[in-house]
Amino acid sequence: MPVLDTFDRPLRTLRVSVTDRCNLRCLYCMPEAEYVWLPRADLLSFEEIDRLVGIFVGEGVGRVRLTGGEPLLRRDLPRLVARLAARPGLAERALTTNGVHLAASAAALRGAGLERVTVSLDTLRADRFERLSRSRELPAVLAGIEAATATFGAIKIDTVVIRGENDDELIDLVAFAGRAKAEIRFIEYMDVGGATHWSASRVVPRAEILARLDAALGPVTAIGRPDAAPASRYALASGQIVGVIASTTDPFCADCDRARLTADGQLFTCLYATRGVDLRGPLRAAASDADVAAIIRGVWQARADRGAEARLAVEGRTSFIARDALKAQPHLEMHTRGG
């Protein structure tokens with residue numbers, strides 16, 4: 001039986017940050033010029049990550065997504081992927097990356113057992129990429145997308161849409177994704193705290209994104225949102241599929257099944273949680289797997305995050321309303337993208 005939270009949401013998906021470092025400085029994510037990184041000794045080793053994933057699998061987790069920071073900055077990452085691929089009960093291994101080092105890593109990651117890749121791409125314009133990320137690495141990202149598509153067969157592209165920054169590129173990005181045989185997902189600009197200077201006026205809501213696609217590309221047809229998936233999916237008139245993650249105007253809290261493990265072993269039950277629970281300490285203090293599993297179960301069973309306590313009966317099932325979506329103050333995390 002899977003472990004359930006206070007609103008009967010099971011624990012099925014785990015996001016694992018393998019490093020807090022990133023090689024880009026995206027304005028909506030890492031706006032400061034300098035950051036103090038975690039000491040190497042504070043990072044979970046691959047052996048510790050693998051052991052913790054095994055414990056999570058025992059509590060019902062079947063999907064793991066490797067994130068950061070930028071996960072491809074972690075040396076020998078395919079070695080961790082191979083360990084996870086050998087773990088019984090783990091059905092899916094995925095990676096979210098900014099793509100800068102993906103061209104050089106795609107084949108090794110696939111060979112180690114990685115199954116899915118999501119690449120962040122917010123613009124196709126070199127000058128805009130440099131402004132948004134304070135980097136000139138757009139050619140490397142595009143090369144990474146090409147290599148990943150050739151290696152994995154199909155990938156996803158995540159685009160954070162910011163009014164006045166890149167919202168005039170929606171159609172161009174859809175066309176690019178179509179040529180790349182990738183499924184693009186537009187993500188509403190969300191408040192990740194810190195010094196990002198987020199403003200609700202810069203959010204392009206899902207309804208507006210869909211209206212723009214409809215006006216330019218023909219009728220847009222909803223094809224639903226898989227259980228616990230962050231993106232609502234739509235078919236364009238051409239048959240191409242796009243997704244929209246309404247992380248600000250319509251968060252997917254109602255059936256969220258995700259926990260997050262930081263690079264230094266803190267367990268968070270929500271991107272917007274303000275405090276985590278330390279798993280690294282007990283692990284390094286010789287706690288048994290059963291002891292760590294008990295901590296995980298206790299944390300998840302007490303979970304009630306980001307306004308999900310408002311319950312409504314809708315069409316005969318329990319549903320939830322996420323309140324104060326524009327006012328949440330999340331714990332900082334480098335990657336805030338969907339799974």
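Here is a chat about the strands, helices and backbone geometry of a predicted model.

Trainee: Take β2 and β3. Parallel or antiparallel?

Mentor: Parallel. Four bridges join β2 (residues 63-67) to β3 (residues 92-97).

Trainee: What stands opposite R63?

Mentor: E92, in β3.

Trainee: Which residues of α2 are buried?

Mentor: L77, L80, V81 and L84. They lie on the same side of α2, because they cover an arc of only 100° around the axis.

Trainee: Why would residues spaced like that point the same way?

Mentor: An α-helix has 3.6 residues a turn, so residues three or four places apart point the same way.

Trainee: And what covers the buried residues of α2?

Mentor: The cover includes α1, β2, β3 and α3 (102-112).

Trainee: Switching to α1. At what angle does it pack against α9?

Mentor: About 65°, with the axes 10 Å apart. Helix α1 spans residues 46-58, and helix α9 spans residues 289-301. The crossing of α1 past α9 is right-handed.

Trainee: Which residues meet there?

Mentor: From α1, R51, L52, I55 and F56. From α9, D289, V292, A293 and I296. By class, this contact has six nonpolar, no polar and two charged residues.

Trainee: On to β10. Which way do its residues point?

Mentor: R258 and R260 point one way from β10 (residues 258-261). A259 and L261 point the other way.

Trainee: Are those four buried or exposed?

Mentor: Buried, the two arginines R258 and R260 included.

Trainee: How many bridges does β10 make with β1?

Mentor: Four, in the parallel sense. A259 in β10 is the bridge partner of L14.

Trainee: And with β11, in which sense?

Mentor: Antiparallel, over two bridges. Strand β11 covers residues 266-268. L261 stands opposite L267 in β11.

Trainee: How many residues lie between the strands in that hairpin?

Mentor: Four. G265 of the hairpin takes a positive phi near 85°.

Trainee: Where is D8, and what is its phi?

Mentor: D8 lies in the segment before β1 (13-17). Its phi is near 65°, a positive value in a residue other than glycine. D8 is exposed, with a relative accessible area of 52%.

Trainee: And R134? Where is that found?

Mentor: In the loop between α4 (126-133) and α5 (138-152). R134 has a positive phi of about 50°, though it is not a glycine.

Trainee: How accessible is R134?

Mentor: At 37% relative accessibility, R134 counts as partly exposed.

Terms used
Residues numbered from 1 in each chain as written. Predicted model: local features only at pLDDT ≥ 70, side-chain atom pairs only at ≥ 80, totals over all residues. Heavy atoms only, no water. Pairing = 2+ DSSP bridges. Axes fitted to C-alpha atoms, helices over the stretch in contact; angles between N-to-C directions. Left-handed = near helix turned anticlockwise from the far one by under 90°. Contact = heavy atoms within 4.5 Å. Nonpolar A, V, L, I, M, F, W, Y, C, P; charged D, E, K, R; others polar. Buried < 20%, exposed > 50% of the residue type's maximum accessible area, 1.4 Å probe, protein only. Arc of directions from axis to C-beta.
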